[in-house]
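Subject: Structure handover

Hi,

Here is the structure I promised to pass on. Please open it first, then read my notes below.

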Amino acid sequence: MRPMLVSILLLGSLLTGCKREQRVFDPGAAGSQPANGTVLSEVAAGQQPPKGNQPNPIAESAYAVAEGKRFYQAYNCVGCHANGGGAIGPALMDSEWIYGSSLEQIHSTIVQGRPNGMPSYAGKIPDYQVWEIAAYVRSMSGQLPSDVAPSRSDHMPMVVPEQSRPQEHPGAEHPQPVVSEPSR
Amino acid sequence: MKSTGSRTLWLVLFGILGFWFMLGCHKQSSSTSASTGGSIHPYTAEMEKDDGQWVRATKDFANTRYSSLSQITAQNVAQLRVSWTFATTVPHGQEAAPIVANNTMYLATPWPNVLYALDLTKPGAPLKWKYEPHPSPAAKGEACCDWVTRGAVFDNGKLFFNTLDGYTIALNADTGEQLWRTHLADLNNGETITMAPMVVRNHVFVGNSGGEFGVRGWLAALDTSSGKLAWKAYSTGPDNEVLIGSRFHPYYATDKGSDLGVKTWPPDAWRIGGGTVWGFLSYDPQLNLIYYGTANPGPWNPEVRPGDNKWTAGMFARDPDTGEAVWFYQMSPHDLFDWDGINEDVLVDLPWQGQLRKVLLRPDRNGHVYVIDRATGQVLSANPFAYTNTTTGVDLRTGALQRIPDKAPRTGQVVRNICPDAPGAKDWQPSSFSPQTGLLYIPHQNMCMDEEGTEVSYIAGTPYVGSSVQYYAGPGGHMGELTAWDPIAGKAVWTIKDKYPIWSGTVTTAGGLVFFGTMDGWFKAADAKTGNILWQFKTDSGIIGQPVSYRGPDGKQYIAILSGIGGWPGSIVAGQLDTRDGTAANGWGKALPNIRNEVTAGGTLYVFSLP
Amino acid sequence: MIFSFISPMFPGHQTPLSPVGPQARHIEHNLLLIFSITSIVYVIVIAVLAYGVVRNHAREGFVPHTLVEDPEIERKATWIVGAALGLTIILLLVMMVSSFYTSHSTAVLAQAQAIKIDVYGHQWWWEVEYPINEQPYRMVRTANEIHVPVGAVVTIHATSRDVIHSFWAPNIHGKKDLLPGYENDLTIQVDQPGTWRGQCAEFCGLQHAHMAFDIVAQSREDFDRWYEQQLSPAPEPASSQAIHGREVFLTHACVMCHTIRGTTAGATVGPDLTHLASRSMIAAGTLKNTRGNLAGWISNAQSIKPGVRMPPNPMPSSDLNDLLAYLETLR
């Protein structure tokens, strides 16, 4: 009886992996629009709005992130940012973010473009693909779990796979609480 | 006793075996290195008169970068010290040559392309005026290799320079007042301008950059007084747009035929085929010809563009007044490795097999110093000045570069140990020629690479490269070399090695010295005859600029250099790139993993003199 | 098997049993020979077996023989088994020789004058290039449709840009794998004008089944006319509708993946559309190239070919109409 139960449980545990490869065939994409709500500054006048902490399904799907990696190549992102180390554009695998490191901020950077050289991709990339690229960009600095981030690619090894990169700590994303009283 | 004997026997056997293996290795890798054993031949032909100024980046029309000033000599150079400095406040690649004319020094900075005029008549050379063109910040995202400019040019009371976002600007050199401003390059198609313009009579010559963005290369001539376009010669496309007409007589058969700028490309690929013009121009007043090179064809991945890809990776001789092409020679037909043909042409008259011939010396990116008859375009000799395993020389009968097919990049496959790498044996950094020694002083690289071709899309305004590359040091483990080259024998006389690529230009002086800078910030003076380092000074950042030598209003000889790391390799520092990715800065990440820990960004002018 | 035998009844359909080229003919002969031999052997074996089963089974009160050593039966059995074995070896040898002969004869087409075609497999479509030696400006690029002159020897130089695919036009030749990073050659000849379907024969992902192509064999003149047509860049649109349609193309996601020569669109992720309207099928042989199908494909390709790389492109119907009007000018 017991071995049966154990094997059922073991087989059942495999089911948890199913979601990882889940994909949406009809993403109902509209042309991407600038995500107007995205805030770039860490400091807000008046008061800091509460952080919207909604998990984004795209950043949890290995398939979506792998697609993001494909688009990163296909849409010439690689030409300016190399494989994360940067070239004409800044590095994406480090902890420095000029225009914000959150998924929403990266999305709006891609769609809006940025004045110091980042071209705008508004209307040129379907919205769901922009999210996938943004999720992939986050994987470059180790911000995604290792079961979601891409593993070793089939090409010339130029950089440690996204999956195995140490997590960088962008300042705005991991603020330390302000020390208000001397600790005892 | 017996065991020792057998051990010796084994050692001998192993030795023979090892030697045999080495022989085999040598046989397989048909590589060539620079041969040494050149000698010094003082130059006898006449050179342009030196007025002690430095009005254009190349010093003279012949592009020699030779200063006849001789106060600073091999004997007293050890006492050389900083006379004054100036902060450009732009911490990016300082590739410009300081321009000296009418007791004023003109400095062009990288984007935002500020032009400073410094008054040399006053102590410390205070700022006389500055001109800010306010170029578009978007240009920074369309320039392949940092936001550089290679300087301005002074002519007849006017100063001409280019902005990164594609304007050519003429200023009144005394007041800094803008005379005209002409828009030449379209940023949205990836075009920028980084080159130093040159003036011949009433034309200022400007070419575009953007070979990594699928632009179509051109050289334009603007009227110096109005800024109006006089002519524009494209580097690809139909003959009438390349300005090929009845006067065009190339030396080699492969360059003869109609509309080769279309026929040597897949349909319409020439429209996005590169061949930009961002190097230095030379001018021969007697033949009335200008000489310049055309850059790499785009994209890098050669499988996308079968054919010779005319007129890229080659060089033109043109009439400066009409723009008509007179001859063309292609150093790297169907370029495989981003070997731009933009390197400088140094015009000299050399004794060649018993007669004095008008030639040009061209240390090319493909690793050969070409000696070319500058009236006809005939290649007289082409010898390797750096280690190469991708070619076996140049066939002087057909002019063709002999390639080793194994090293050609292929889509989806990694080809390893390609020497030289994509920046070539020598990139833009200009060499200099000293009549005292008859030697050409070539700053260059000693590097190899791994390359994988990738599929690539042309999307206007984004890079069009199609290649994954990473570079590393060539044989010997050093990446930089300064070679003194005997152009007659086609051999090196001496070579200075440096850890990093020597990405700065050189200047030679009548004092028997060669000045150059290193990427880790040392400005050095070497003995032009022996290559011994006689003096060196550590500047605040890395040096990738063009040193100049001039006579100040006080009659003293000054040496000036801009320090400020950047450019293609130095963009790792200037752009704060992450070298954990070997392809950072288009392949330099692997070669320069620690440079950010050794050098910091800067942008300071240093002027040296004797006490 | 049954399908293979029925399909010749539908002309133009892919089957190795109506060959239109010398190699497919050799393959067909070999197939028929092996099929006949194995069929006859199969029928005989089954018949003998059936006889053995049926012979004594029906008889009432039948008791099977006990296994006793009888030299007479032993000798007889040895003789029968030996003869059967000998016959099997002879038949296998016949089939082996025939297979060798087929392999040999499919590989001996004279290649000196061959037309060279590069085929690249993509998920899930075929990129086709005609590199004309020494004349790069005469290079033609198309997708999912390979035109060849009737009777001409054509060398297909095949590789893959992603996963392993296999090129198979059964009326013309056998299969040839397309391997990433490795190039395979396949030489073909089509002797009969017509359109011959082929498809991917190596499972390559979700839409493997919708990765087909057509080989169009036509007379030399028709082929040359087609070739010249393919060489030209896209014509300038004439109608205001088509002009706006081009603008729609150039300002939407289309330019990120497709090329139309003569415009600034130069991406290579998807098929080259410079002469889209000249092709008979779209979506790698999935749909006929009609205005309605194209509209559906552009609007939501995912509903037609789930998982395909083409994203949905919702747009106002007037834009879509103009875009279709423009695409129809790309002959």
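In chain A, residues 24 or more positions apart account for 71% of the contacts with a separation of 6 or more. Keep in mind that this is a predicted model. Chain A has five helices and zero strands. Its pattern along the sequence reads α-α-α-α-α. Chain A has 184 residues, and 40% of them count as buried.

Next, the contacts of chain A with chain B. On the chain A side, 28 residues take part, and they meet 31 residues of chain B. The chain A side is made up of 16 nonpolar, ten polar and two charged residues.

Chain B also meets chain C. Here 18 residues of chain C are in contact with 18 residues of chain B. The chain C side has eleven nonpolar residues, five polar ones and two charged ones.

Now a sheet in chain B. It is an open sheet of four strands, in the order S2-S38-S37-S36, and the pairing is antiparallel. Which strands stand at the edges? They are strand S2 (81–87) and strand S36 (548–551) of chain B. Each has a single partner strand, so one side of each is left without a neighbour in the sheet. From one strand to the next, the twist averages 25°. Strands of a sheet pair through backbone hydrogen bonds, either parallel or antiparallel. One pair to look at is strand S37 (residues 557–563) with strand S38 (residues 604–609) of chain B. These two are antiparallel and pair over five bridges.

On to chain C and its domains. Chain C is divided into domain 1 (2–106), domain 2 (115–231) and domain 3 (240–327). The centres of domain 2 and domain 3 of chain C, taken over C-alpha atoms, are separated by 22 Å. How many residues of domain 2 of chain C are in contact with domain 3 of chain C? The count is 20 residues of domain 2, against 16 residues of domain 3. Several elements give two or more residues to the domain 2 side. They are strand S2 (125–130), strand S3 (140–143), strand S10 (212–218) and helix H4 (220–231) of chain C. By class, this side of domain 2 has eight nonpolar, seven polar and five charged residues.

H4(C) has twelve residues and reaches 16 Å from its first C-alpha to its last. That is close to the 16 Å expected at 1.5 Å a residue. Is H4(C) covered or hardly covered? Hardly covered: among its twelve residues, the count of buried residues is one.

Last, a single residue in chain C. C:Leu91 is found in helix H3 (residues 71–106) of chain C. Why does C:Leu91 count as partly exposed? Because C:Leu91 has 15 C-beta neighbours inside 10 Å, while a buried residue needs 20 or more and an exposed one has 12 or fewer. Leaving out residues up to four places away in sequence, C:Leu91 touches C:Ile37 and C:Val41. C:Thr251 is 160 residues from C:Leu91 in sequence. In space the two are 66 Å apart, C-alpha to C-alpha.

Best wishes

Terms used
Residues numbered from 1 in each chain as written. Chains lettered and ligands numbered in written order. Predicted model: local features only at pLDDT ≥ 70, side-chain atom pairs only at ≥ 80, totals over all residues. Contact = placed C-beta atoms within 7 Å. Nonpolar A, V, L, I, M, F, W, Y, C, P; charged D, E, K, R; others polar. Domains from an automatic or database assignment. Pairing = 2+ DSSP bridges. Axes fitted to C-alpha atoms, helices over the stretch in contact; angles between N-to-C directions. Expected span 1.5 Å × (residues − 1).
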